[in-house]
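Here is a short briefing for a first look at this structure. Please keep the sequence and the 3D view side by side as you read.

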Amino acid sequence: MGRRAWAAMAAALCVAQGAASETPAPDRPKIGVALAGGSALGFAHVGVIEWLEEHRIPIDAVAGTSMGGLVGGLFATGADAAAMKRFVAEINWDTALEPETPFRHLAFRRKEDRREYPNRLEFGMREGKLRLPSGLSPAHGIGLVLSRIAGPYGALRSFDDLPTPFRCLAADLVKSEEVVFDRGDLGEALRATMSLPAVFPPVELDGKVLVDGGVLNNLPVDVARAMGSQIVIAVALHAVLPPKAKGYSLLDVAGRSIDVVIRASELRAMANADIVLIPDLAGFTSTDFGRAAELMRRGYEAAARKANLLSRYSVGEQAWEEHRRARRARTRDRGFDPQFVKVTGLTRPLKRNLAERMRPALAGSRSMDRVDEELTRITGLGRWESADYRLIEENGRQGLLIRAREKQHGPPFFNSAILIEGGTSQVLRFGAGGRMTFLDVGNPGSEWRTDFLAGSRDLLSTEYFHRVRSSKFFVAPRVFLDHSSRDIFQGNERVARFRTREMGAAADIGYAAGRFSEFRFGYQLRRFDNEVSIGLPSLPAVRGTVRAVRARWAYEGQDSAVVATRGVRASAAAHWVFRSPGAQRNYPVLESEVRWAYPLHDHYVISGQLAGGATISQDNLYSPFTLGGPFRLAALSPQQLSGNHYYFGDVSLLRLLTRNPFRLYGALTYEAGRAFGAGERRRPFSDGALGLIGETPIGVISFGGAFGEQGQRKMYIRVGRYF
């Protein structure tokens, strides 16, 4: 007999042995498990699997929807209950479900966008139309979680080839029909079944637009049965809905309506199951990802309550060990040692740059964490909404296939802002505007962005940021038109308001040193017109042209654009003014600032800042520096102190009060500082402030009161960002 015939017989024998390991012994039925979707509630499935394993009840097939698909996929790829619990515990679910790229991973210019326009809702312009993102969250973090689950398996001819045969469900928005994944890219299948409509973007695959399968079939008992299961154990999460009190809000109505539809779907599916497990989930919500251990325990208890029914399917120790051994034999090594990297979805320079950065990232015991970090930085560039990976094999070598997904609603992108500031004895200030950014204009990494603002301040500014040969060096010409107001005080009394009109142009050259810092040097020419709009008509109007060179360095190392809990932010700027109305000679203007934050505990943060500036110009009436108003000596009116020199410092103790629906902090602050001119008082003015600061989808909202050293009292409110 020839070698080929022997090889064919050997292969057939191996297949026969593998098939035998998948098939239950003839004296027991094939058992399938159907796992319902339910976001965080799906952690209860892990507890059910733990009870079944402890009582030696084999699972021969698993089908899941949404979170049931994630848990089922993790189990199907070879994880036992203990490994599943470790996996769940090791994931930072707050980070995985973050609706935007973490601030620390943003490119420097995207950090500027986030700080100046903290509204989380980003619009885009495609085909001449204003578009919204296809989901509130880009699903990047959850995609990395799915990569860890599915990465070793990649594309499969059949999901029956997994350690435990597996199916998951999605709904196709094009044909309005259910889609059952039984082959192909396991990671894409899990992304589709997890794509909760309006929360995560849909998955586009083979002409289909796929969203969470719970839309049509949240408890896939029929799918588990179609896999050949003779006994189907269903784990339902919405079968019992807690009574809802009166007083429904708009969101309550929407959420409750979805729950009712899903419950009806689950009740129909339960009728076809042999055993139904219903965990007691009273007091839990679908967002309780921080209570995974408790939810697992509820699942375990639900299985224990049906012990009399379930125990009849328990097998002996020898049969159980054979079942486990067969699963282990089909489980792929989760070791992570890729020898090469392939990248799809990125521009050529970024592909090359990412591949170079990946080489050192793939070394070491925490290489998966470093890969996650590098891919998150890709989303921080602004064009891509998510990036994930899977392992591939070519010519006997293991490789890493990285897939980046572009945002579908842009570029260009539009970030908006609504600005409100008011307080005791203060004129309410209001503004609305935005920033339009065109990416990769001229060459990769270059961009054109335009700001406009209308209200208490009117601004129109546009800058072209051009990377020189796609390097870190850049040139940045800019033109601007700015109309604003300035109050003049004598003591505690406002005596006049000036209206300032400026227009001009500037050109900078600089160096963008990665995500954290930038240095630029340039020339500015501007024409301004100051005149009294309210108050003393005897105050002189000032008009003229200012010419200056300037240098600025900025470092952005904090973890948030709104309320930082750790890190340092610093800047330093210097101007040399050659010409200015009323000035008899050239003069410098210097200013620097440093902000810091440090976490004391899970709920406490201490933060502070130091700032100062100086010039030798003697023009005290129109001096460049002011203090007063919220976060700049809050017991004083905005711009109440002015001068050619200033210093300021504060220290705050923040207490996290709640995370939902947004982060809300209580803040206790001490401030001290002074703005002054030649011969004026330099002793610091100090005050204390107590208030609330919230990180909301529309930006910062702050409210509080301040008490000054001389009996001053102010209440204040700010919405949007700082003016």
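The largest cavity in this predicted model has a volume of about 80 Å³. The structure holds four cavities of 30 Å³ or more. Rolling a probe the size of a water molecule over the atoms shows where empty space is left.

**The largest cavity**

- Which strands each supply at least two residues of its lining? They are strand 30 (663–676) and strand 31 (685–696).
- Strand 31 gives the largest share of that lining, with five residues.
- The lining of the largest cavity includes Ala 689, Leu 690, Gly 691, Leu 692 and Ile 693.
- Also among the lining residues of the largest cavity are Ala 667, Thr 669 and Glu 671.
- Phe 631, Ala 634, Phe 703 and Tyr 716 line the largest cavity too.

**The chain as a whole**

- The chain has 723 residues, and 50% of them are buried.
- DSSP runs give 15 helices and 33 strands in the chain.
- Among contacts with a separation of 6 or more, 63% are between residues 24 or more positions apart.
- The accessible surface of the chain is about 34000 Å². Carbon and sulfur atoms account for 56% of that surface.

- Strand 20 covers residues 473–490, and strand 21 covers residues 493–513. The two pair in the antiparallel sense over 18 bridges.
- One place to look in this pairing is His 483, whose bridge partner in strand 21 is Arg 501.
- Two residues separate strand 20 from strand 21 in a hairpin. Gly 491, in the turn, has a positive phi of about 70°.
- Strand 21 also pairs with strand 22 (residues 517–535), in the antiparallel sense and over 18 bridges.
- Here Met 503 stands opposite Arg 527 of strand 22.
- Strand 21 and strand 22 form a hairpin as well, with three residues between them. The turn holds Gly 514, which has a positive phi of about 80°.

**Strands 17, 18 and 19**

- Strand 17 and strand 18 run antiparallel, joined by nine bridges. In this pairing Phe 438 stands opposite Trp 448 in strand 18.
- Strand 18 and strand 19 run antiparallel too, joined by seven bridges. Glu 447 stands opposite Phe 465 in strand 19.
- A hairpin of two residues joins strand 18 to strand 19.

**Salt bridges**

- How many salt bridges does the count come to? The count is 53.
- Glu 374 counts as buried because its relative accessible area is 9%, and buried means under 20%.
- Is Arg 383 buried or exposed? Arg 383 is buried, at 15% relative accessibility.
- Asp 440 is partly exposed, with a relative accessible area of 30%.
- Asp 458 is partly exposed at 29% relative accessibility. Arg 499 is partly exposed at 22%.

Methods:
Residues are numbered from 1 along each chain as its sequence is written. This is a predicted model: local features need pLDDT of at least 70, side-chain atom pairs count only at pLDDT 80 or more; totals for chains, interfaces and linings use all residues. Side-chain values use heavy atoms; hydrogens and water are left out. Two strands pair if DSSP finds at least two bridges between them. Helices (H or I, at least four residues) and strands (E, at least two) are DSSP runs, numbered from the N terminus. A salt bridge is a side-chain nitrogen of Lys or Arg within 4 Å of a carboxyl oxygen of Asp or Glu. Buried means under 20% relative accessible area, exposed over 50%, partly exposed in between (1.4 Å probe, protein chains only). Contact means heavy atoms within 4.5 Å. Accessible areas come from the Shrake-Rupley method with a 1.4 Å probe; for residues, only the protein chains shown count as cover. On a 1 Å grid over the protein atoms alone, a cavity is a set of points where a 1.4 Å probe fits but cannot get out, and a pocket is an open set with protein on both sides within 12 Å along at least five of seven lines; lining residues have an atom within 4 Å of a point. Grid points are joined across faces, edges and corners, and a volume is the space filled by probe spheres set on the points.
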